[in-house]
Amino acid sequence: MASSSTYGQKPLYYGTAKKSPIYYGSAQTPAYYGGNAPYYYGGGAYGGQAPGQDADSLVGTITLGRVLRVIAQRWISVLVFLLIGLVAAFAVYRISPTIYEAKSEFTMDTRRPQGGRGADGVGIDMEQFGTSYEEIFNTRLSDWRSDKIVTKIVQQYRANYPASTVTDKELIETLGDSELELIRHSRLITIGVRSTTASLAASLANAYAEAIESFTDEENKLRCDKAVAQIHEQVERQRRHDESIAKQLLEFRTKNKIDDLNSEREILQQSLQKTTADVLDMRSQVTAAAEWEKVLKAAQETPEDFGALPTSVPRSSEIGEAYTRLQNAKMEMNGLLARFTKNHPEVKAREKLLETIKQEFVDAVSRALATAHGNLAAYKNQLAVYEKNSEKLRAELATIGQKIVAADAGLKQLEKEMEVSTTILKDLMQKENEARIAAEQNNEIVRVGRPALVPSKPVLPNPIIIFSAGGAIALALGLLFVLVLDHLEDTIVSLQDIEGRLALKVLAVLPHIRRKKREQVAKFISENKYSQFAEAMAGLRNLLDSPRYQPISQVLLLMSTQPGEGKTITSCSLAISSAQAGKRTLLVDFDMRRPRLARVWGLKIDQDHSFSHYLSRKDGQRDFPSLVMPSGVEHLDVIGSLPPDNVNPASIVGSQIVPDFFKWARANYDRVIIDSPPFGIVGDVMTLASLVDSVMIMCCPDRTHFKPIQHAARSLGESGATVIGIVVNDVEMGSVGGAFSQSGHSYGYGYGGYGGYGGYRAYGGSYRPYAPLESGKKKGKDSDTADVKAKEADVKGETSTQDAGRPASSNSISLDLADEE
């Protein structure tokens, strides 16, 4: 079982990415109902391909996990093959001749500056030579290997090395073994020349590259120059015309001083704006002075109606003081008239004083009126000056505007001519580019890249290739050899082994749980409802409750072909899961030689409540309800047993009381789950299997063997039992869908000898001593250490039992319970 994980991850029982979930078996389509009989009936024990008929290859199913495990177990055999391969490679290396290879590089450019591109960036016009660099290279390869280029290479070599004594025939023979290769996803082409002389190989490689460059340039030059010469002349002529118009435009601007006129117009416009503002201000002052003059004339004519003057009126303060004195004198006069008559001397004297004061007021108004007349005249004169300046500025602006309009007309004409000339030049340049592209459509631009250097090491014989090939072939043969041996060892390592070779369905894949005490593992899903193990068990329960399996899943028997494959805790977990689903569930311990359920569930029972002792009674009583013990889980009851004491389990199972018990259990419970002893070690399973609805077989990856399961499935099928599939237990998380083993470790944790069963395993129709590490006997001390630590942990009640060969440091347990004694 793999360690439990957080809720929400995909549980293992959903299987691998296949067309059907792993618990629906192989690619075959067995049908429980309708048409064909179930796969476990007819045509052999299972229908179609019977268990034991291996359709696999000689090496079996190949997965990465299996390959790593086999290599770890049989590394000595692989090493022997490797050594033999290396010796053979050394012999080949010693007898091979010494050959040097020099490589030069040149680039082949077929890209176009404009126009369409293919998928490799090749111009569309090059399609007649191919749609990729590879095709173009292959097309040109015949030219670059022709007699003409060979002659040119020899000439180039003679030009580069005039003192060379190598004959032309030797040069041509050496060039016969040369190779041109296009480097993938690039425009680089390498030239490889091989020779027994290192310097000759380098010299010919360089001469080859230079000859190809010269040859290609000569072909391209005439074609391109001839096609582009005429249109290029038109472009140059139009460019000179364009420069002439630009010169005329500059001279026109300089002669007409268009920029100066624009600057002058801006200055005049600013001056006109200021003068206009002054005129408006002066007109407001003239209007105000005329109003003052009217007010002062009215005050002069009728002083009695005079009111008040604004402070801005000339001599307003003087007029105000005179008017105040006049009003005071009138008030005093009125007071005297109230006491005296008009002829009274005081009244006469006051009248004279009043006239004097009135005359002073009139004089003050006259002086102010004279000042107002002067101000009004000054304002009018200033206004006339401003208006005259405004008219002058307007006339100047009109004159400059006319000049600018005339200059703009000539400037626009030249600019239009410049625009037309520029457009024509661009069109001609575009035509020139198009003509150049058309001329270069059959061209390749070839340039020498990296020159060849004199090789210091030979390329043949290549020790890396020879020894690598020898080692690889040897490793392949060694791996094939050990895979064949591993396949012949008959160990289950993957789902394909179960579904393909056994033709049995995988009902569920139960993950591995780490570092749990034995009793905790049995009740794990009741405390960890959302763990991956709980999800896997819920998937198995839902499968059994489905319409396909429900008619044959009321009474279930879990069996294994050898101890330690997890049937006890699987039985407990499935019982808890069924009870959590609301089914009245009964868990029965029919493993009477090694009863475990009482200790797992903490039941304190005596012989009167021990199942094995009760069934052995001769009184004929059938009080089965008295055996039922509460489990502490709602809807789940347990019937446990004590270790056998003067009790013969074989005689009990064959008695009539057992069918009566099953009849009672069917009538009182929705699901009955039987924990049975291992198949083959004792004969109880065959009898029990005929009384239950269906049988599920436990399997531990990399530990369970084919032949015991094949024998068990065939025997059960022939006896009329219904085998519905396999429950794969103790699977590491990373192994689902492939090999179940990792790093050569064997998963599963047994009973450590299984007590009274004598440590024998069923194998075919016979028995042989049970060895937990049958396929892993090379593990040596690690296995012994694991067994010792497992027994020590078993005494303490811990669950780190590792008799299947797992390293003692793994800190993990299996579904089944190890022997405590």
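**Before you start**

This is a predicted model, in which local features need pLDDT of at least 70, side-chain atom pairs count only at pLDDT 80 or more, and totals for chains, interfaces and linings use all residues. Residues are numbered from 1 along each chain as its sequence is written, and side-chain values use heavy atoms, with hydrogens and water left out.

Helices (H or I, at least four residues) and strands (E, at least two) are DSSP runs, numbered from the N terminus. Two strands pair if DSSP finds at least two bridges between them.

**Stop 1: the four-stranded sheet**

Select β2, β3, β1 and β4. These 4 strands form an open sheet, in the order β2-β3-β1-β4, with antiparallel pairing. Which strands stand at the edges? They are β2 (179–182) and β4 (445–448). Each has a single partner strand, so one side of each is left without a neighbour in the sheet. On average, neighbouring strands here are turned by 30° against each other, direction ignored.

Zoom in on β2 and β3 (residues 188–195). Their antiparallel pairing runs over 4 bridges. Pick Glu-181: its bridge partner in β3 is Thr-190.

Contact means heavy atoms within 4.5 Å. Axes are lines fitted to C-alpha atoms, for helices over the stretch in contact, and angles run from 0 to 180 degrees between N-to-C directions.

**Stop 2: helix α9 and its partners**

Select α9 (residues 345–439) together with α7 (residues 258–301). They pack at an angle of about 160°, with axes 6 Å apart.

Helices α8 and α9 pack at about 160°, with their axes 9 Å apart. The crossing of α8 and α9 is left-handed.

**Stop 3**

Select β7, residues 555–559. Is this strand mostly covered or uncovered? It is mostly covered, with 5 of its 5 residues buried. Buried means under 20% relative accessible area, exposed over 50%, partly exposed in between (1.4 Å probe, protein chains only). Val-555, Leu-557 and Met-559 are buried on one side of β7, Leu-556 and Leu-558 on the other. In a regular strand the side chains alternate between the two faces of the sheet.

Next, show the neighbours of β7. Strand β11 (residues 671–675) runs parallel to β7, joined by 4 bridges. Val-555 stands opposite Val-672 there. Strand β12 (residues 694–699) is also parallel to β7 and joined by 4 bridges. Look for Leu-557 opposite Val-695, and Leu-556 opposite Ser-694.

Stay on β12, where 6 of 6 residues are buried. From here, β12 pairs with β13 (residues 723–731) in the parallel sense over 5 bridges. Two bridge pairs to pick are Cys-699 with Val-728 and Ile-697 with Ile-726.

**Stop 4: the cores**

A nonpolar core is a set of buried Ala, Val, Leu, Ile, Met, Phe, Trp, Tyr and Cys residues joined through side-chain atoms within 4.5 Å. Select Phe-590, Leu-615 and Phe-661. Of the 51 residues in the largest core, these touch the most other members. Helix α19 (residues 657–668) gives the most to this core, with 6 residues.

Center on Leu-615. Not counting residues up to four places away in sequence, Leu-615 touches Phe-590, Met-592, Phe-624, Ile-652, Ile-657 and Val-658.

Last, find the separate core of 38 residues; among them are Ala-508, Phe-524, Ala-575 and Ile-673.

How values were computed
Left-handed = near helix turned anticlockwise from the far one by under 90°.
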